[in-house]
Amino acid sequence: MARAIIADDHPLFRAALRQALTETLDTPILEAASFEQLSELIHSEPQIELILLDLTMPGNRGLTGLTSLRSRYPDILVVIVSANEQVATIRQAMAFGASAYIPKSMPLAELQQAVHAVLAGDTWLPEHLRDAVEAELPTEHVDFAQRLEQLTPQQFRVLECLADGLLNKQIAFELNVQETTIKQHVSAILRKLNVINRTQAGIVFKQMLNSPDLNAATDV
């Protein structure tokens with residue numbers, strides 16, 4: 001039974017990660033080339049404990065994929081593996097629940113160390129970036145991360161739809177529920193995020209999870 005999923009759209013990099021993880025994990029390792037495929041694998045493999053997630057794979061918009069996974073599957077450890085080494089992005093990822101952040105430039109031996117640390121219950125950051133990343137995170141990011149944790153998985157999905165500009169009727173259709181249920185979720189989201197309307201909720205969500213550094217970076 002598989003314990004881990006490598007989620008990255010570059011086959012050669014997935015192969016390198018698989019080689020490194022094979023020596024660390026004693027179970028099969030699954031692979032996903034898109035966020036949609038990752039979601040399908042998680043649904044069909046409930047024993048998954050660890051996900052290595054690329055920030056810019058298809059379907060993963062900024063840190064939205066990370067926060068979505070943490071909301072829906074809080075028991076699964078998520079390790080970000082990315083070419084983006086911007087301190088601001090790494091800080092945000094850790095604030096929003098990543099167990100580790102591994103630059104793609106790191107040797108595979110250090111990746112193994114990181115996975116060992118995460119499976120042992122620790123968080124991990126590359127040594128050369130640790131001091132800068134662990135400096136005080138902007139208060140608004142910490143506050144928003146804490147508020148996001150209050151949302152139920154269904155409320156988080158509704159928030160994602162709000163950020164995409166969908167109306168209540170459209171969200172109800174997407175989630176296959178009654179429109180009155182969506183209205184209740186929206187009211188709860190506004191209260192938990194401490195925003196005044198659905199537009200503000202969507203804007204804040206996008207701003208917090210899509211930093212300029214992340215949008216400017218090109219992953220490999």
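**Aromatic pairs**

Two aromatic pairs are present in this predicted model. A pair of aromatic rings is described by the distance of the centres and the angle of the planes, and both values are given at each stop.

Select Phe-96 and Phe-144. Their rings are arranged edge-to-face, with 6.3 Å from centre to centre and 80° between the planes. Phe-96 counts as buried because its relative accessibility is 6%, under the 20% cut-off. Phe-144 is buried as well, with a relative accessible area of 4%.

Move to Phe-156 and Phe-205, which form the other aromatic pair. This one is also edge-to-face: the centres are 5.7 Å apart and the planes are at 80°. Phe-156 sits in helix H8 (residues 153-163) and Phe-205 in helix H11 (residues 198-209), so the parts tied together here are 49 residues apart in sequence. At 1% relative accessibility, Phe-156 is buried; Phe-205, with a relative accessible area of 2%, is buried too.

**A lysine over a ring**

Select Phe-13 and Lys-104. Lys-104 lies over the face of the Phe-13 ring, at 4.6 Å from the ring centre.

**H8 against H10**

At what angle do H8 and H10 pack? The angle is about 90°, and the axes are 9 Å apart. H8 is therefore roughly perpendicular to H10, as the angle falls in the range of 65 to 115 degrees.

To see the contact, show side chains on both helices. From H8, select Gln-154, Gln-155, Val-158, Leu-159 and Leu-162. From H10, select Ile-182, His-185, Val-186, Ala-188, Ile-189, Lys-192 and Leu-193. Colour these residues by type: in the contact of H8 with H10, eight are nonpolar, three are polar and one is charged.

**Helix H3**

For the last stop, select helix H3, residues 64-72. How many of the nine residues of H3 are buried? Seven are, so the helix is largely enclosed by the rest of the structure. To pick out the buried residues of H3, select Thr-64, Gly-65, Leu-66, Thr-67, Ser-68, Leu-69 and Ser-71.

Note on methods
Residues numbered from 1 in each chain as written. Predicted model: local features only at pLDDT ≥ 70, side-chain atom pairs only at ≥ 80, totals over all residues. Heavy atoms only, no water. Phe/Tyr/Trp six-rings, centres within 6.5 Å; stacked < 30°, edge-to-face > 60°. Buried < 20%, exposed > 50% of the residue type's maximum accessible area, 1.4 Å probe, protein only. Helix = DSSP H or I, 4+ residues; strand = E, 2+ residues; numbered from the N terminus. Lys NZ or Arg CZ within 6 Å of the ring centre and 35° of its normal. Axes fitted to C-alpha atoms, helices over the stretch in contact; angles between N-to-C directions. Parallel < 35°, antiparallel > 145°, perpendicular 65-115°, else oblique. Contact = heavy atoms within 4.5 Å. Nonpolar A, V, L, I, M, F, W, Y, C, P; charged D, E, K, R; others polar.
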